[in-house]
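Welcome to this guided tour! Keep your viewer open and select each stop as we come to it.

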Amino acid sequence: MALDTLHDLFVHELRDLYDAEQQIITGLPLMAQAAHSDSLRKLFEHHIEETRDQIDRLYELFEALGVPFTGRSCKAMQGLLAEARETIQEEADPEVLDAALIVAAQKIEHYEIAGYGSVRTFARELGYKDAVRLLEKTLKEESAADEKLTRAAEGRVNAKAATADQASV
Ligand SMILES: [Fe+2]
């Protein structure tokens, strides 16, 4: 597909995100299974639900645009998920594995935030109001998921500090 107009690029990036989300829907359950802490597993499970809604929003967008949603394979997400799978297969201390899963998940979220942020801006420029609304919803969910992951990482550090304090008493 030629990228002659901003509209073409908009569709191109939406297809990339569609493929990325499809990969995430298969990859996230493995990350949830591998999580050691209940709260991290629940966080991943909640994001699987959100990802389903995000895919539905993309379907809605493609339908409104009257274009097929296939045609792109997101190589970046293939790489990010391949790294996550490698981490899961690693022999690791359960707590360190959780820290590694948080890193992997945040890398995925940041990719999505960059993609959704850009297509939202394109939609705004193109005057596609409904698309802006749908994409902003998803962008908010991705940002919230990223913030929760940051808090999960901080929670781990605090818990560890508390244990270390007890140990030094
Ligand atoms: Fe997503």
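A salt bridge here is a side-chain nitrogen of Lys or Arg within 4 Å of a carboxyl oxygen of Asp or Glu. Before we use that, two notes: this is a predicted model, where local features need pLDDT of at least 70 and side-chain atom pairs count only at pLDDT 80 or more, while totals for chains, interfaces and linings use all residues. Residues are numbered from 1 along each chain as its sequence is written, and side-chain values use heavy atoms, with hydrogens and water left out.

**Stop 1: the whole chain.** Switch to a cartoon view and you will find 5 helices and 0 strands (helices are DSSP runs of H or I with at least four residues, strands are runs of E with at least two, and both are numbered from the N terminus). The C-alpha atoms fill a box of roughly 65 × 30 × 25 Å along the principal axes. Of the 169 residues, 40% count as buried; buried means under 20% relative accessible area, exposed over 50%, and partly exposed in between, with a 1.4 Å probe and protein chains only.

**Stop 2: pairs within helix H2.** Select Glu49 and Arg52, which form a salt bridge with their closest N and O atoms 2.9 Å apart. They are 3 residues apart in helix H2, so about one helical turn separates them. Now pick Asp38 and Arg41, whose side chains meet in a salt bridge at 3.1 Å, N to O.

**Stop 3: a link between helices.** Which residue forms a salt bridge with Glu141? Select Arg57: the closest N and O atoms of this pair are 3.0 Å apart. Glu141 lies in helix H5 (residues 129–168) and Arg57 in helix H2, so the pair ties together parts that are 84 residues apart in sequence. Both Glu141 and Arg57 are buried.

**Stop 4: Glu109.** Is Glu109 buried or exposed? At 3% relative accessibility, Glu109 is buried, and its place is in helix H4 (residues 94–126). Leaving aside neighbours within four places in sequence, its contacts include His47, Glu142 and Ala145 (contact means heavy atoms within 4.5 Å). Glu109 and Ala145 are 36 residues apart in sequence, yet 7.5 Å apart in space, C-alpha to C-alpha.

**Stop 5: the surface.** Finally, select Asp53, Asp56, Glu60, Glu63 and Asp130, which gather in a patch of negative charge. Such a patch joins like charges within 9 Å, using residues with over 30% relative accessible area and no salt bridge. Helix H2 (residues 38–65) gives the most to this patch, with 4 residues.

Methods: Patch = residues over 30% accessible without salt bridge, like charges linked within 9 Å, V, L, I, M, F, W, Y side chains within 5 Å. Areas by Shrake-Rupley, 256 points an atom, 1.4 Å probe, with all protein chains shown as cover. Lys, Arg positive; Asp, Glu negative; His and termini not counted. Charge placed at Lys NZ, Arg CZ, Asp CG, Glu CD.
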